[in-house]
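Thanks for coming, everyone. Let me put the structure up, and then I'll walk you through it.

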Amino acid sequence: MELRRDVFQAIADPTRRAIIALVASQALTPTSIAENFDSSRQTISKHIQILTECELLKQEQQGREIYYHFNPKKMKEIADFIEPFRQMWDERFNKLESIMKKYKSKS
Amino acid sequence: MERKTKLNVEDGKQDIIIVREFDLPVALLFKAYEDPEIIAQWMGTKVLKLENRKHGSWHFQTSDPQGNVVFQANGTIHEFIPNSKITRTFEMENAPFDVQLEFLEFEKLTEDTSKLTMQIVYRSLALRDQQLKMPFAYGINMAHDRLQEVVAKLNLAGYDKEK
């Protein structure tokens, strides 16, 4: 079974994260997105396609040009599902830190 | 200063890198991984066995207040270099996940601060993503809830003392 592309995979790639950052500040055409990268136009198109499939980007037709917009709702979803994992470790480490600080002052 | 735990998750790589800086000298940070009693406190688990040496093994177990075992994990220690590095395997028992490999690197930043870099390698990309998405896969979830209870109590106790 082919794993369906998910948002998680989409943002794991540094180029795709850079694309999101660009588009987040303003809607852009594929050409103007590609201008910001050294990679080939095709490579960037592929990345845009993945981001669109995952609904991180939304297309909007304006005359002859397609503009890509950022979809913050989807981004929130990602933050939400990775965050508990990070938080779990953060809380463990906070705990470790506070225990060892007490340990230090005792010794 | 608040020191946050950072996650590094890359596309196509079947690992997770967890980085955290501590307001602790590296020796104290390492001690938190070396001493079974201290591990029990911050991990909220019983340390049934911990052999800190090459070819050594470890076994942790967490029970609910009724005494039922809710989480059990074990592994083998491959490298144990004080204040520097621990390499070990991790297997959650009675769980449909394959064994994972963990590299823990301890670094001195200043006399009073240190950094831990933990790389967890999974058998497959799918397994890594599954673990990321379900951090509270049951077992861990319950253990974690219990951990929070303990932390809450300890924090309260500490607060009283300081007062």
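Let's begin with one residue: is B:Asn83 buried, exposed or partly exposed? Keep in mind that this is a predicted model. B:Asn83 counts as partly exposed, because it has 16 C-beta neighbours inside 10 Å, and a buried residue would need 20 or more. You'll find B:Asn83 in the loop between S5 and strand S6 (85–92) of chain B. Look at its backbone too. Phi of B:Asn83 is near 60°, which is a positive value in a residue other than glycine.

Chain A has a residue of this kind as well. Phi of A:Glu55 is near 65°, again positive and again not in a glycine. A:Glu55 sits in the loop between helix H4 (41–53) and strand S1 (57–62) of chain A.

Now chain A as a whole. Its secondary structure comes to five helices and two strands. Along the sequence, the pattern reads α-α-α-α-β-β-α. Chain A has 107 residues, and 24% of them count as buried. Take the contacts in chain A with a separation of 6 or more: 55% of those join residues 24 or more positions apart.

The largest nonpolar core has 21 residues. Those with the most contacts inside it are A:Leu96, A:Met100, B:Leu29, B:Ala32 and B:Trp42. Which elements supply at least two residues each? From chain A, helix H5 (72–106). From chain B, helix H1 (26–34), helix H2 (36–43), strand S4 (57–63) and strand S5 (69–81). H1(B) brings the largest share, five residues.

Zoom in on B:Ala32. Leaving out residues up to four places away in sequence, B:Ala32 touches A:Leu96, A:Ile99 and A:Met100 from chain A, plus B:Ile38 and B:Trp42 from chain B.

There is also a second, separate core, with 17 residues. Among them are A:Ile11, A:Ile19, A:Leu51 and A:Cys54. As background, nonpolar side chains tend to be buried together in soluble globular proteins.

That's my tour. Over to you.

Technical notes: Residues numbered from 1 in each chain as written. Chains lettered and ligands numbered in written order. Predicted model: local features only at pLDDT ≥ 70, side-chain atom pairs only at ≥ 80, totals over all residues. Core = buried A, V, L, I, M, F, W, Y, C linked by C-beta atoms within 7 Å. Buried ≥ 20, exposed ≤ 12 C-beta atoms within 10 Å, placed from the backbone. Helix = DSSP H or I, 4+ residues; strand = E, 2+ residues; numbered from the N terminus. Contact = placed C-beta atoms within 7 Å.
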